[in-house]
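Subject: Structure handover

Hello,

Here is the structure I promised. Please open it alongside this note.

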2 protein chains.
Amino acid sequence: MKYSHFPQRKDWPALLARPVVAFAELESRVMPILDAVRQEGDEALKALTSRFDKVQLDQIRVSQAEIQQAESLLDPSLKQAIQQARQNILTFHQSQQASDDKIETMPGVLCWRKNIAIEKVGLYIPGGTAPLFSTVLMLAVPANIAGCEEIVLCTPPDSSGKVHPAILYTASLCGVTTMCKVGGAQAVAAMAYGTSSVPRVYKIFGPGNQYVTMAKQLVAKEGVAIDLPAGPSELAVVADDTAKPAFVAADLLSQAEHGIDSQVLLVSSSRQLIEQVQEELRLQLPQLPRADIAEKALANSQAILVEDEATAIELINAYAPEHLILAIERDEEVAARITNAGSVFLGNYTPESVGDYASGTNHTLPTNGYARSYSGVSLDSFVKKITFQKLTAEGLQRLGPTVEIMAEAEELIAHKRAVSLRLSALNEANL
Amino acid sequence: MKYSHFPQRKDWPALLARPVVAFAELESRVMPILDAVRQEGDEALKALTSRFDKVQLDQIRVSQAEIQQAESLLDPSLKQAIQQARQNILTFHQSQQASDDKIETMPGVLCWRKNIAIEKVGLYIPGGTAPLFSTVLMLAVPANIAGCEEIVLCTPPDSSGKVHPAILYTASLCGVTTMCKVGGAQAVAAMAYGTSSVPRVYKIFGPGNQYVTMAKQLVAKEGVAIDLPAGPSELAVVADDTAKPAFVAADLLSQAEHGIDSQVLLVSSSRQLIEQVQEELRLQLPQLPRADIAEKALANSQAILVEDEATAIELINAYAPEHLILAIERDEEVAARITNAGSVFLGNYTPESVGDYASGTNHTLPTNGYARSYSGVSLDSFVKKITFQKLTAEGLQRLGPTVEIMAEAEELIAHKRAVSLRLSALNEANL
């Protein structure tokens, strides 16, 4: 890790800068994929899957037989772990259900909001060597609680044309309605435009590589909602002398193993703690299967020695990390002063990985500083809130004159007349 | 209005199609404005204001003297109306405050969410002949309830370099912290990048013309959050024989006067009602100051005769209108079956204009079919929800094995080790 001592505030932006992605070149590579899918539908999906995933598919949709078989292919202990994680995620996301109270803002003026599921949603699950079934949990569980009618999952097939049974099992457990073997930008296009095999959806969720991310941004411009703008995953740890250096190092490594562009930050006012963590990193790193990735990520990461706790908090809020671990004595006090972060982990027994998998919180979180203005995925992400209002005749008689004056001042006379006509009719009826 | 009788479902998409905006050309006109502001700051703002608003500004910020003077320039009845509207908007948006309950998803595993204000927000208020102070209310009131520290307002100056006192008065009443005389794409750029006079913000709200809309889309790609993608305003009215044709016509005209691209839809299973409304439109239209605009908007609008109420509901949900008036006997029953709309107005005494100004609901709503996946602006729009979690040692002992199994199956061994190390330490401590 790079090591900075007491950096000045003017140097923070450079110290905390994220990697910059070259948009323009990516866009020119992704756009033709979107166009192909829009114009040729399933045919384009099959051709692109052959090209990128090296497999010829007969059927894009996962069959019922494959879904049924998945359960029997999984180890019982993994199934049980997935069920436990699902239960915790269900419990936490169910607690996010809002009540639709009717508010009488004035006598006779009733206003309320109602949460209504987005009818059709799409979940993108990346491929790769390992099956990211945890992301299926994080997206399908709240979609299911919200009551989304159509929950479409797209994930790339392996070179034999199969999807990992852990993904199929989890998707089936969590109420996914349609599973498709398609990945990359073409999967995003398929869900945005619809094809014979892949239903069109109104909102697309899920992580992916830079092509998937760019495809989501491009379809968002055309009106398909997306969960979050995406960037490389991030972890900041604030630690003091009550932290266990071995635990902190293990947490930093768990972030670093994601990819060479992972962002890792260690902030402390204890020189000793930073040095102990560095030593632990040297000890633990060689023991990891993904040591080469983690080592590269760490090389670009920062250990920052700060004057005091207040400076650490200020620096964290300036950085706005996706994940933040507070391995400090006064964790709850400091947590109350965190204003920019995706998800915060308190104390020595709350590694980020519990939230990544199974504690109940969502792991789809704002990266790249977006935590300043965006929330992570939650039940809210799968609903719209429609407002309703109903005025009684008396309510309109009370509120109407206010509306007439305001509409007139905005020179919107038809707006005023929609009230005036009604007030006249009520006056006549009362004569 | 165009008049369709019992259109077939296959013809609905064409019937309900929105106008298409030519993005590419707009982008090439807006991009240089963004670049100029990013590079030259206030100098660019002054030059662009001179070019587009025909006025040379010395100061971009509105002065304290101007703000204080505004109050004395306004009619007392207008001030009282604005205060009444503010009170109702405050009451409804305060009711949207969420509690931050801590949830124990398993013994020793505590998860919670906290709503935290977005620190810096920007409100764009369009210029034009009339001052849109109602939009100031709709954006500044919830920003203030949320606790946003910096609330920046940008609006174009008139040709004498002034901002209408109704805007200044309302902004001051609602806690706007900085008011700037700058409009168009350059205002969006200023709030996205920051200049000497205009503070940089993390989220930009507010309606505007196509240049403003494009500028918001472009800065959104760079990571600045925006409220909603925008399109022309829309109203659908579902009416039956209990509706008053004069009221329905007045509502349609209140939408039509917004602009020639306003979308107006009348849906009914009563041939008689549709004919009576058409007649009322002919009578009322000539009485409007903006009759020429309303007439053009109506020429592109649709009256649709449908078989029955169920078909009307289906058609409305397919269209996903920004505003929906249910001028029908069974308004509450039908409202319960509306799944895609921005804001719904029930009964004969709830014209859209009450919601536009003063009932309490927000008037910043999803257009262009975005109501399928987006909510209108609410208190939620001004906060992020950060998740927190804290496990006790016992909690980690219970949940840890689940995380270990899942991380191993995803081949993220450092994730597993962050748990295993802690479990080992706890076991040793217990020996």
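Which residues does Arg372(B) touch, not counting residues up to four places away in sequence? From chain A, Arg372(B) touches Ile118(A), Arg200(A), Tyr202(A) and Lys384(A). From chain B, the list is Arg18(B), Ala318(B), Tyr319(B), Ala320(B) and Asn340(B). Keep in mind that this is a predicted model.

More on that arginine. Arg372(B) sits in the loop between helix 15 (352–357) and strand 14 (383–391) of chain B. Its relative accessible area is 15%, so Arg372(B) is buried. Ala320(B), one of the residues it touches, is 52 residues away along the chain. The two C-alpha atoms are separated by 6.1 Å.

Tyr370(A)

Now a loop in chain A. Tyr370(A) lies between helix 15 (352–357) and strand 14 (383–391) of chain A. Tyr370(A) is buried, at 6% relative accessible area. Leaving out residues up to four places away in sequence, Tyr370(A) touches Pro229(A) and Ala230(A), plus Gly223(B) from chain B. Tyr370(A) and Gly231(A) are 139 residues apart in sequence. C-alpha to C-alpha, they are 9.3 Å apart.

Helix contact between the chains

Helix 17 (residues 413–430) of chain A meets helix 10 (residues 245–256) of chain B. Their axes come within 7 Å and cross at roughly 165°. An angle over 145 degrees counts as roughly antiparallel, so helix 17 of chain A is roughly antiparallel to helix 10 of chain B. The crossing of these two helices is left-handed.

Which residues make the contact? Helix 17 of chain A supplies Ala414(A), His415(A), Ala418(A), Leu421(A), Arg422(A) and Ala425(A). Helix 10 of chain B supplies Ala246(B), Phe247(B), Ala250(B), Asp251(B), Leu253(B) and Ser254(B). By class, the contact has eight nonpolar, two polar and two charged residues.

Helix contact within chain B

Helix 2 (residues 23–40) and helix 3 (residues 42–53) of chain B pack with their axes 6 Å apart. The angle is about 140°. Helix 2 and helix 3 of chain B are therefore oblique to each other. From helix 2 of chain B, the contact uses Ile33(B), Ala36(B), Val37(B) and Glu40(B). From helix 3 of chain B, it uses Asp42(B), Glu43(B), Ala44(B), Leu45(B), Leu48(B) and Phe52(B). The classes are seven nonpolar, no polar and three charged.

One residue of chain B's helix 5 (residues 76–94) is also on my list: Ser77(B). Ser77(B) counts as partly exposed, at 31% relative accessibility. Ala166(B) is 89 residues from Ser77(B) along the chain. Their C-alpha atoms are separated by 12 Å.

Chain A overall

Chain A has 17 helices and 14 strands. Its C-alpha atoms fill a box of roughly 90 × 60 × 45 Å along the principal axes. Of its 431 residues, 62% count as buried. Take the contacts in chain A between residues at least 6 apart in sequence: 75% of them join residues at least 24 apart. Chain A exposes about 16,000 Å². Carbon and sulfur atoms supply 48% of that area.

Is Tyr169(A) buried or exposed? Tyr169(A) is buried, with a relative accessible area of 6%. Tyr169(A) belongs to helix 7 (residues 165–173) of chain A. Leaving aside neighbours within four places in sequence, Tyr169(A) is in contact with Ala70(A), Glu71(A), Leu74(A), Lys79(A), Ile82(A) and Gln83(A). Phe133(A) is 36 residues from Tyr169(A) along the chain, and their C-alpha atoms are separated by 8.7 Å.

Two backbone entries follow.

- Phe6(A) is not a glycine, yet has a positive phi of about 45°. Phe6(A) lies in the loop between strand 1 (2–5) and helix 1 (12–15) of chain A. At 36% relative accessibility, Phe6(A) counts as partly exposed.
- Lys54(A) is not a glycine either, and has a positive phi of about 60°. Lys54(A) lies in the loop between helix 3 (42–53) and helix 4 (64–73) of chain A. At 62% relative accessibility, Lys54(A) counts as exposed.

Best regards

Key. Residues numbered from 1 in each chain as written. Chains lettered and ligands numbered in written order. Predicted model: local features only at pLDDT ≥ 70, side-chain atom pairs only at ≥ 80, totals over all residues. Heavy atoms only, no water. Axes fitted to C-alpha atoms, helices over the stretch in contact; angles between N-to-C directions. Helix = DSSP H or I, 4+ residues; strand = E, 2+ residues; numbered from the N terminus. Parallel < 35°, antiparallel > 145°, perpendicular 65-115°, else oblique. Left-handed = near helix turned anticlockwise from the far one by under 90°. Contact = heavy atoms within 4.5 Å. Nonpolar A, V, L, I, M, F, W, Y, C, P; charged D, E, K, R; others polar. Buried < 20%, exposed > 50% of the residue type's maximum accessible area, 1.4 Å probe, protein only. Areas by Shrake-Rupley, 256 points an atom, 1.4 Å probe, with all protein chains shown as cover.
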